[in-house]
Amino acid sequence: MATSSNTYDVIIIGAGAAGLMCAATAGYRGRRVLVLDHANKPGKKILMSGGGRCNFTNLNSTPANFLSGNPHYCISALKRYTPQDFVELMDRHGVEYEEKAPGQLFCRDSAKDVLNVLLTECEWACAEVRMETSVNKVTENEDGYRLATSAGELTCESLVVATGGLSIPTMGATGFGYDIARQFGLEVLPTRAGLVPFTLHPELKQQLAPLSGVSCPVDAHCHEHHFREPMLVTHRGLSGPAMLQVSSYWQPGDEVHINLLPAQKIQEDLLALRKDKPQSTLAQYLNQHLPKRFAQAFNELQGWQGPLQECRNADIEQVAHTLGDWTIKPAGTEGYRTAEVTLGGVDTRQLSSKTMAVKERPNLFFIGEVVDVTGHLGGHNFQWAWASGVAAGNEA
Ligand SMILES: Cc1cc2nc3c(=O)[nH]c(=O)nc-3n(C[C@H](O)[C@H](O)[C@H](O)COP(=O)(O)OP(=O)(O)OC[C@H]3O[C@@H](n4cnc5c(N)ncnc54)[C@H](O)[C@@H]3O)c2cc1C
């Protein structure tokens with residue numbers, strides 16, 4: 001164990017979800033651990049997550065819920081630290097939670113509960129968390145790493161980079177972790193905003209403007225990745241879980257396909273309706289299955305008028321296609337300003353999937369969102385933060 005006051009066994013840069021989990025794990029192994037963060041408070045993203053109630057895991061999380069250039073990388077860590085393990089940690093601390101959607105666990109009271117668990121664990125494991133400390137430079141020395149920080153020079157045997165992604169810069173996000181990776185010869189895959197609302201071209205934005213605030217369940221897909229969840233129209237564009245999920249697979253210029261009535265057999269319904277109630281209109285059909293405001297505006301957008309008896313089979317087929325595969329080309333996304341995650345990052349091909357350490361440098365670790373592993377919406381990103389934090393904490 002290290003002895004000098006400025007010398008630690010493990011220094012972790014980033015007091016977020018992954019960094020704190022790693023700190024407690026390494027601390028319990030008897031390692032002298034210091035967590036450094038330039039922000040004024042730890043775990044800011046935990047506090048703002050899940051609408052302030054932190055969707056801290058997903059009981060159904062599998063590697064299929066993650067995007068990465070190296071899809072197998074996350075398997076080992078996720079298998080060794082499971083959603084159930086994190087639930088047990090919450091239980092040990094008496095945190096109350098609820099399953100808001102299948103598998104998605106949220107704090108019943110406040111996201112503060114999750115942060116308090118992590119900080120308490122760090123305290124019990126004697127891991128020190130030092131805020132408002134910026135790291136200016138990292139260099140390698142014989143025994144490990146030397147950090148030039150705003151609190152002076154610090155050294156450590158193992159360095160863990162847990163600086164997160166680029167989303168929400170106002171919460172302290174920086175690209176510093178990527179800089180360290182590049183400094184030590186690692187590849188950083190191009191980054192982009194994920195789990196982020198779409199912006200629309202002016203014409204469609206104007207047409208949808210009256211619908212701001214309306215939400216409806218849809219099946220949305222981009223590049224064959226389907227998500228059956230609610231979509232929300234906002235004054236800026238399209239949001240809601242379905243759009244956020246799809247955004248992670250979307251690249252500029254791509255189309256997004258939206259089935260507005262995923263629970264209906266639209267063509268069959270309309271043909272039957274024309275036969276049974278020839279005077280009924282498309283507007284009436286839409287009103288039955290979509291929120292009224294949405295039905296009305298979508299009907300106007302498409303210019304559908306008159307009773308169904310005036311529709312030919314080809315018209316009905318066309319209407320069914322428009323409703324079942326409404327295709328839009330987003331102008332872009334809201335970007336890192338509102339994105340929940342950052343796609344891309346430190347290339348995992350250079351890291352050990354067991355320990356999260358750089359293969360060529362077994363005492364340099366990258367964990368959490370800074371690496372090229374990004375989860376779907378629904379608690380998967382925190383599960384990755386916990387699992388990768390524990391994997392590194394068991395080794396650092
Ligand atoms: C609005 C929002 C809601 C979300 N909701 C959920 C949810 O409900 N469920 C879910 O699973 N995921 C959610 N996420 C995603 C989740 O918050 C992240 O995936 C997770 O926090 C990543 O953990 P991390 O430890 O890697 O990074 P972070 O939690 O971002 O922590 C990184 C830390 O590093 C520090 N740091 C950065 N640069 C430096 C530097 N140069 N020097 C020192 N310190 C530095 C930062 O200040 C920060 O404290 C949400 C994200 C957002 C933005």
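**View 1. Strands S9 and S10 pair in the antiparallel sense in this predicted model.** Leucine 147 stands opposite leucine 154 in S10, and the two strands are joined as a hairpin through two residues. This is a predicted model, in which local features need pLDDT of at least 70 and side-chain atom pairs count only at pLDDT 80 or more, whereas totals for chains, interfaces and linings use all residues. Residues are numbered from 1 along each chain as its sequence is written, and side-chain values use heavy atoms, with hydrogens and water left out.

View 2. S8 and S9 form a hairpin with two residues between them.

**View 3. An open sheet of three strands has the order S3-S6-S5, with antiparallel pairing.** Strands S3 (55-58) and S5 (97-101) stand at the edges, and because each has a single partner strand, one side of each is left without a neighbour in the sheet. The twist averages 35° from one strand to the next, with axes taken as lines fitted to C-alpha atoms and angles running from 0 to 180 degrees between N-to-C directions. Between S3 and S6 (residues 104-107) there are three bridges, and asparagine 55 stands opposite phenylalanine 106 in S6.

**View 4. The protein chain as a whole comprises 13 helices and 22 strands.** Helices here are DSSP runs of H or I with at least four residues. The C-alpha atoms fill a box of roughly 85 × 40 × 35 Å along the principal axes, and of the 396 residues 54% count as buried, that is, under 20% relative accessible area with a 1.4 Å probe, protein chains only. Among contacts (heavy atoms within 4.5 Å) between residues at least 6 apart in sequence, 73% join residues at least 24 apart.

Terms used: Two strands pair if DSSP finds at least two bridges between them. Buried means under 20% relative accessible area, exposed over 50%, partly exposed in between (1.4 Å probe, protein chains only).
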